[in-house]
Structures are given as structure tokens and as C-alpha cells.
Amino acid sequence: MFREDLESHFQHKVDAEEKIEPKDWMPEEYRKTLIRQISQHAHSEIVGMLPEGNWITRAPSLKRKCILLAKIQDEAGHGLYLYSACETLGVEREQLLNDLHSGKAKYSSIFNYPAISWADMGAIGWLVDGAAIMNQIPLCRTSYGPYARAMVRICKEESFHQRQGYEIMLTLAKGTAIQKQMAQDALNRWWWPSIMMFGPNDSDSLHSAQSLKWKIKRFSNDELRQRFIDMTVPQAELIGLKIPDPDLKWNEERKSYDFGKINWDEFWNVVKGNGPCNKQRLHDRVEAHEKGAWVREAAVAYAEKRSARINSN
């Protein structure tokens with residue numbers, strides 16, 4: 001079959017909402033796009049554990065400690081699901097991790113901001129995980145089968161993370177004046193980075209158009225960003241917090257919110273490695289990987305020993 005026929009057959013399957021599976025023929029650029037997107041997603045889950053892990057021992061109650069620990073364990077699992085999905089595209093997990101640790105691979109810029117108070121755990125759950133859910137629910141219908149199937153469980157767990165974060169913000173907002181101010185301060189610091197999580201405007205996005213054609217993505221960056229804002233503003237108002245955007249206002253004609261200008265210079269500066277915590281996050285991630293080498297070596301030794309025992313029988 002000629003390449004033109006293969007590409008035509010591939011696009012026909014995508015248009016017909018049939019899943020592309022690992023052994024199916026696919027354009028090389030489709031494979032590379034998936035590797036870039038899925039690995040970046042996996043890296044974000046793993047690096048995203050770092051700012052939260054710092055608060056496990058400082059959470060205000062045993063209940064809060066247990067909930068936060070469970071959330072971080074979920075995120076570790078999400079990273080493993082996604083690395084496994086990436087491996088079905090012919091790339092080794094070791095290579096993916098090497099790219100992350102060398103700084104070659106990207107992860108979500110949101111995790112390069114500091115978490116300086118307990119309220120940040122609420123803001124991260126409510127805003128960051130809320131933005132992630134808005135991005136990820138459509139991925140349950142993405143065209144690549146292993147990715148779509150991994151996203152089903154991830155989205156279910158992320159929904160609990162979002163509720164947990166919002167409940168923290170609600171509790172603080174209903175508390176003392178100092179606690180409410182703590183929640184407002186966290187919202188002030190995390191709002192704009194959360195809006196930036198959806199990526200650059202559609203006109204400046206290098207990959208969106210092709211990803212939409214291949215149905216890797218289902219909605220554009222700007223569509224998802226608008227949905228997130230329209231969903232989140234009423235949630236803030238309900239608990240008495242104020243979105244830190246003086247230009248935010250309801251547009252009756254569009255039945256949607258108009259919002260202020262995003263500081264894209266800040267976004268690109270963080271993406272390029274110059275954010276408040278870029279160097280710290282990468283250092284901590286590499287250190288954790290190196291310190292965990294003995295666990296991986298022990299797991300391999302056990303697997304080899306078990307396999308040898310089975311084969312000898």
C-alpha cells in the first residue's frame with residue numbers, strides 16, 4: 001500500500017472515531033506528537049508531586065495529611081499509566097526520564113511556582129487540578145487508544161483532587177479573617193498561572209491545528225480556557241473570594257466572561273526554565289530518582305529471581 005493510501009486510511013479511521021492502536025500504521029509525526037504530549041503529561045504528574053509532598057508533614061490535621069498523601073500517590077500512579085502508554089509508541093521509559101532530568105523534556109509550567117502556605121494546597125487542587133480536568137476529560141476520547149483508556153481512570157481521580165482542593169478553600173474562606181485572607185492570597189497567586197496552563201492562544205500554538213485534525217485534541221486552547229473561567233468564577237463567588245482580574249466581567253451577548261490580558265512574557269519565561277522554582281524542581285526530581293535507584297535494582301533482581309524459579313520448574 002502506498003504512503004498516500006496509508007495516510008488516507010489512517011485519517012478515515014480517525015474521522016470515523018475508531019481508535020488507533022499501537023500496531024496500527026500511523027504517520028511518524030502523529031507518533032512524535034503523541035510521545036511529546038503524553039510524556040509531557042506524565043512528567044507533569046511526577047513533578048507535580050513535589051510542591052505537595054513538602055506539605056504532608058505540615059498539614060493541619062491527621063485527616064488532611066492522609067488526604068494529601070493519597071492524592072500524591074494518585075499522581076504517581078497517573079505518571080506510571082502515562083509512561084506505559086508512551087512506551088506503546090516505541091520509546092523507552094528510561095529515555096523519557098533522561099529527557100526530563102536533562103531539561104530537554106517539558107512539563108507543565110504551573111509546577112514551577114512555589115507553594116508557600118497551606119492554602120496553596122487548596123488552590124492547587126481547585127485551580128490546577130480543575131484546569132487539568134478541563135484539559136483531560138476530552139482526552140478520554142482522544143484518537144490513540146492506550147492514551148484514551150488511561151485517561152478514564154485519571155480523570156475520575158482528578159475530580160476528587162479538585163473537590164478536595166475546593167473544600168480546603170471553602171473551609172478557609174469560612175474561617176477567621178486571617179484564614180480567609182490566606183485563601184484569597186493563594187487564589188491571587190495561582191489564578192493567572194492556572195489560566196496559562198491551557199497553553200498559548202490558538203493563533204500562537206504550533207501544534208493545535210494538526211492535533212485537532214488527528215483528534216488527539218478535541219478542543220482548542222482558547223475554548224478550554226474560556227470553559228474553565230466560566231466554570232470557576234461562580235465557584236469563587238460562592239465562597240466569597242474574588243478573582244484577581246479587574247477586567248473580568250460577564251458578557252451577556254456571549255453568555256460568557258470577558259477577562260484580562262494574559263502575561264505571555266511570564267509564561268514563556270517560565271517555560272524556558274527561568275521560573276521561580278524551575279531549577280529547584282529539576283534538582284529535587286533528579287535527586288529523588290537517584291536515591292530510588294536501589295528500589296528499582298531490587299525490583300529487577302526480584303523479577304529475575306522469580307522468573308528463574310518459574311522456568312526451573
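User: What makes up the contact of α8 with α10, residue by residue?

Analyst: In this predicted model, Trp-191, Ser-194, Ile-195 and Met-196 of α8 meet Arg-225, Phe-228, Ile-229 and Thr-232 of α10. By class, these residues divide into five nonpolar, two polar and one charged. Trp-191, Ile-195, Met-196, Phe-228 and Ile-229 count as nonpolar, Ser-194 and Thr-232 as polar, and Arg-225 as charged.

User: Why are α8 and α10 called roughly antiparallel to each other?

Analyst: The axes of helix α8 (residues 177-196) and helix α10 (residues 221-238) come within 9 Å and cross at roughly 150°. Angles over 145 degrees count as roughly antiparallel, and α8 and α10 are therefore given that description.

User: Why are α2 and α7 called roughly parallel to each other?

Analyst: Helix α2 (residues 28-47) and helix α7 (residues 145-173) pack at an angle of about 25°, with their axes 13 Å apart. Angles under 35 degrees count as roughly parallel, and α2 and α7 are therefore described in that way. The crossing in which α2 passes α7 is left-handed.

User: Which residues of α2 meet α7, and what makes some of the contact residues charged?

Analyst: From α2, Leu-34, Gln-37, Ile-38, His-41 and Glu-45 take part, and they meet Tyr-147, Met-151, Ile-154 and Glu-158 of α7. The residues of this contact divide into five nonpolar, two polar and two charged. Glu counts as charged, and the contact holds Glu-45 in α2 and Glu-158 in α7.

User: How do you know which element gives the most to the lining of the second largest pocket?

Analyst: The second largest pocket has a volume of about 550 Å³, and of the 14 residues that line this pocket, Leu-97, Arg-285, Ala-288, His-289 and Arg-296 are the closest to its centre. Two or more lining residues come from each of α3 (49-53), α4 (62-87), α5 (93-102) and α12 (278-291). With four residues, α5 gives the most.

User: What classes do the residues of that lining divide into?

Analyst: The lining of the second largest pocket has eight nonpolar, two polar and four charged residues. Among the residues closest to the centre, Leu-97 and Ala-288 count as nonpolar, Arg-285 and Arg-296 as charged, and His-289 as polar.

How values were computed:
Residues are numbered from 1 along each chain as its sequence is written. This is a predicted model: local features need pLDDT of at least 70, side-chain atom pairs count only at pLDDT 80 or more; totals for chains, interfaces and linings use all residues. Side-chain values use heavy atoms; hydrogens and water are left out. Axes are lines fitted to C-alpha atoms, for helices over the stretch in contact, and angles run from 0 to 180 degrees between N-to-C directions. Angles under 35 degrees count as roughly parallel, over 145 as roughly antiparallel, 65 to 115 as roughly perpendicular and the rest as oblique. A crossing is left-handed if the near helix is turned anticlockwise from the far one by less than a right angle, and right-handed if clockwise. Contact means heavy atoms within 4.5 Å. On a 1 Å grid over the protein atoms alone, a cavity is a set of points where a 1.4 Å probe fits but cannot get out, and a pocket is an open set with protein on both sides within 12 Å along at least five of seven lines; lining residues have an atom within 4 Å of a point. Grid points are joined across faces, edges and corners, and a volume is the space filled by probe spheres set on the points.
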